Amino acid sequence: MAIKVVERKPLSLAERTYLPQIISGLGITMKNMLKPAVTLEYPEERPDIPVGYRGVPTLVKDSNGREKCVSCQLCEFVCPPKAIRITPGGIDESSEDAHVEKAPQEFEINMLRCIYCGYCQEVCPEEAIWLQNMFSLNGLSREELIFKKKKLYELGGTLPDNHFKWDKKQDAEKAGNAH
Amino acid sequence: MELTHFIWLVTKALLMIAVVMGCSAYAVLLERKVAAAIQWRPGPNRTQIPIFGGLPIIGRILTRIGIFQPVADGLKFVFKEEPFPKHVNTFYFLLAPMVAFIPAMTTMTVMPFGVYTNEAGEAAPLVLANLDIGILFILAVSSLGVYGIVLGGWASNSKFPFLGGIRASAQMISYELAMGMALLPVLMWFGGSLNLFDIVQGQSAHMFKWTIIYQPLSAFIFLVALFAETNRLPFDMAESETDLVAGFNTEYGAFKFGLFFVGEYAHIIIGSGVFTLLFLGGWYPPFFTDALPEGWIGSVLSVLIFFFKVLGLVFFFMWIRWTLPRFRYDQVMKLGWERLLPLAIANLVAYAIIIALIAQIQN
């Protein structure tokens, strides 16, 4: 390995007085002083959220207003900090969504445990749980931050997709070609 | 003494104190704003006072430039919990902030800040006490300020304040010498008068009569020593928060710290004022010196010009602070004793010879 010896020159007289360096330093700070501030003034100004951002996990409904979750509990099992708790339940026979068979009776996400990893969104076969852009959550008690089903649907809203997987399945069954 | 005269004197003094205290408070704001600008931040811009802050457009602008911030800063010092360590020497611990604060406030009594024409038709200074030994008084009293720091450091009875106090005293001794030596040629230049008013009147004609033009080296040495005297970066040995926590005021909090803090800024303002008087032509504008009109307009103008010169210097102090890192302790000592002091002595001898030669030629 070639060794390169860097020559260290002794300081010149001008350098030893510090003055030229101080003056050029003052020039640099003055130049920076004239630049505009780069601060984002947070509560009024919000940052641009990039695509694929992982914020608060929420439940969504499909465009017919049916809750997409079928309480398969995959998200509950995959959740690393065990923030999700699902109480599975059936769907009332009289409901027009009866062919979906299952829906969560209760769906809880403990936002104090959630680590926003996005595994629940990835694992969900129904695309029912989605991480939103919202990043600022607060509450006055621990109980308040365990989000219940109602709150989760409020935050999630509707996902405007047009898969209608279960409706298509029902139509096929009616036409006689099950699966 | 007549009662009315007495009341007038007290009013003047109180007014002066109010102005200097106000300026110190706003110097803190200026410091924060300058720091913010250099670091691309907006600086304090949220503090509002209900009525003024709510004004339609002006209130918004005033809030953005932080006009109300000093009020919040001051109130914070008053309302904070007052920590009082058990291991301190109570008497000196309480005395130290006052000793640091009082000299800074006392020096302003002899500092002229404007000019007016008195009944006899002569130019007279706007000043609380026009002492013939003005500059000597300022030097004597302002160097008392270091006792506050040393006392504070010693009475705190803990390591970091102690080190800070020792550093401050060593630094003060080193730079006081250079400062005095740099001042002597200026005093000789103006015929040996120690009266600040006479010194400013001697620079009145135009910008090229300013002392800084004739004696740039004296001005430079004096300025560097002034930085050291006021404990400003790059000479803030007494505080050096990176290696001494907060230096001499580590154990102080709430209003006691506030006194140190305001004292420091008052010191900077007074120091800038003295530099302006000695080297920058005091209250005389750089050009059109004859344009300073007679009567009260002229007086107001002179005070304003003086104010803006001092403001410029205070800004320079802050600009330097946010540009330069702190010197190492041994570098400070070396700079003071090996560079500035010999330079100041050489400067003094050179100007003594020059002034003698000029006197010879004129005779």
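Domain bounds, as used in these legends, come from an automatic or database domain assignment. The model is predicted: local features need pLDDT of at least 70 and side-chain atom pairs count only at pLDDT 80 or more, while totals for chains, interfaces and linings use all residues. Residues are numbered from 1 along each chain as its sequence is written, and chains are lettered from A and ligands numbered from 1 in the order in which they are written.

**View 1. The two domains of chain B.** Chain B is divided into domain 1 (1-79) and domain 2 (84-362). Their C-alpha centres lie 23 Å apart. Domain 1 of chain B and domain 2 of chain B each bring 16 residues to the contact, where two residues are in contact if their C-beta atoms, placed from the backbone, lie within 7 Å. On the domain 1 side, α1 (3-38) and α4 (69-79) of chain B each supply at least two residues; helices (H or I, at least four residues) and strands (E, at least two) are DSSP runs, numbered from the N terminus. With 14 residues, α1(B) gives the most to this side. By class, this side of domain 1 of chain B has 13 nonpolar, one polar and two charged residues. Ala, Val, Leu, Ile, Met, Phe, Trp, Tyr, Cys and Pro count as nonpolar, Asp, Glu, Lys and Arg as charged, and the others, Gly among them, as polar.

**View 2. The interface between chains A and B.** Here 10 residues of chain A are in contact with nine residues of chain B. The chain B side consists of seven nonpolar, one polar and one charged residues.

**View 3. The sheet of chain A.** Three strands form an open sheet in the order β2-β3-β5 (chain A), with antiparallel pairing; two strands pair if DSSP finds at least two bridges between them. Strands of a sheet pair through backbone hydrogen bonds, either parallel or antiparallel. The edge strands, β2 (84-90) and β5 of chain A, each pair on one side only. Strand β3 (residues 102-110) of chain A is joined to β5(A) by two bridges, and I109(A) stands opposite F147(A) in β5(A). Helix α5 (residues 149-156) of chain A lies across β3 and β5 of chain A, at about 85° to β3(A). For this angle, axes are lines fitted to C-alpha atoms, for helices over the stretch in contact, and angles run from 0 to 180 degrees between N-to-C directions.

**View 4. The loop residue E143(A).** E143(A) lies in the loop between β4 (129-131) and β5 (146-147) of chain A. Is this residue buried or exposed? E143(A) is exposed, because 7 other C-beta atoms lie within 10 Å; a residue is buried if 20 or more other C-beta atoms lie within 10 Å of its own, exposed if 12 or fewer, and partly exposed in between, with C-beta atoms placed from the backbone. E143(A) and L112(A) are 31 residues apart in sequence and 9.7 Å apart in space, C-alpha to C-alpha.

**View 5. Two loop residues with positive phi.** Most residues other than glycine have a negative phi. Q73(A), not a glycine, has a positive phi of about 70°. Q73(A) is placed in the loop between β1 (57-59) and α3 (74-78) of chain A, and counts as partly exposed because it has 15 C-beta neighbours inside 10 Å. In chain B, phi of N231(B) is near 55°, also positive in a residue other than glycine. N231(B) occupies the loop between α11 (216-229) and α12 (254-279) of chain B, and is buried, with 25 other C-beta atoms within 10 Å.
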